[in-house]
Amino acid sequence: RYGDRDPAAGTAWRVAAYGVRNDFQLFSNFTLFARDQVAGDGIEQTDDRLMFGGEAAYEARLGERRTQALVTAGVQLRGDDVETSLWHQAQRARLAACFAEGGNPCNRTANRILTASAFAEAKVIVGEAWRLYPGLRADAYRWRVTDLDPETARDPALTTGGRAAAV
């Protein structure tokens, strides 16, 4: 994190960056033996994720006496590099088959997610009684999913693709 403040001008730059590594594994069995009367309906979900990103923002203090504002404008960027999977399991051991649908894994994908944002906000003080917090934000997202299951990866229409959207 880096910041540069000029008290005389009432302005400041703020820059921050981060990186997070996460390795998540969840075992559950909500339906007990509804689908598989022998081994049970247990599933293992995995999420192996690397998140990285940053923010740059400019702050300016405006106004005098009874009306003052802190105006901030900036951009944010975040990337996620994720591998997820869903397995059929019994007693925390992966099984060879994924219910009636065929071999394990039920699914296994590589996911690339990119988020970019721009924002502007203000903290406005009017007299002693009023506080106003107007703001604007625009976000853009991009997803790319790649099937890592050798049995289904041959048909990219099943679980491989990408999409972009903005809000």
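Tutor: Begin with burial: a residue is buried under 20% relative accessible area, exposed over 50%, and partly exposed in between, using a 1.4 Å probe and protein chains only. L132 is partly exposed, because its relative accessibility is 40%. This is a predicted model, in which local features need pLDDT of at least 70 and side-chain atom pairs count only at pLDDT 80 or more, while totals for chains, interfaces and linings use all residues. Residues are numbered from 1 along each chain as its sequence is written, and side-chain values use heavy atoms, with hydrogens and water left out.

Student: Which strand holds L132?

Tutor: Helices (H or I, at least four residues) and strands (E, at least two) are DSSP runs, numbered from the N terminus. L132 belongs to strand β7, residues 130-132. The chain has 1 helix and 9 strands, in the order β-β-β-β-β-β-β-β-α-β along the sequence.

Student: How is a pair of aromatic rings described?

Tutor: The distance of the centres and the angle of the planes describe such a pair. Rings of Phe, Tyr and Trp (its six-membered ring) pair if their centres lie within 6.5 Å; planes under 30 degrees apart are stacked, over 60 edge-to-face, and the rest tilted. The whole structure contains 2 aromatic pairs. W13 and Y58 make a tilted pair, 5.1 Å centre to centre with 55 degrees between the planes. W13 is in strand β2 and Y58 in strand β3, so this pair ties together parts 45 residues apart in sequence. W13 is partly exposed at 48%, as is Y58 at 31%. The pair of Y141 and W143 is stacked, because the ring centres are 5.7 Å apart and the planes stand at 15 degrees. Y141 is partly exposed at 28%, and W143 is partly exposed at 35%.

Student: Where does R94 lie relative to W87?

Tutor: A charge sits over a ring if NZ of Lys or CZ of Arg is within 6 Å of the ring centre and within 35 degrees of the ring normal. R94 lies over the face of W87, 3.9 Å from the ring centre.

Student: Is S28 buried or exposed?

Tutor: S28 is buried, because its relative accessible area is 10%. S28 sits in strand β2, residues 11-28. Contact means heavy atoms within 4.5 Å. Beyond residues up to four places away in sequence, S28 touches D41, G42, I43, Q45 and Q89.

Student: What does A39 contact?

Tutor: Leaving out neighbours within four places in sequence, A39 contacts F33, A90 and L95. A39 is in the loop between β2 and β3 (43-64), and is partly exposed at 28%.
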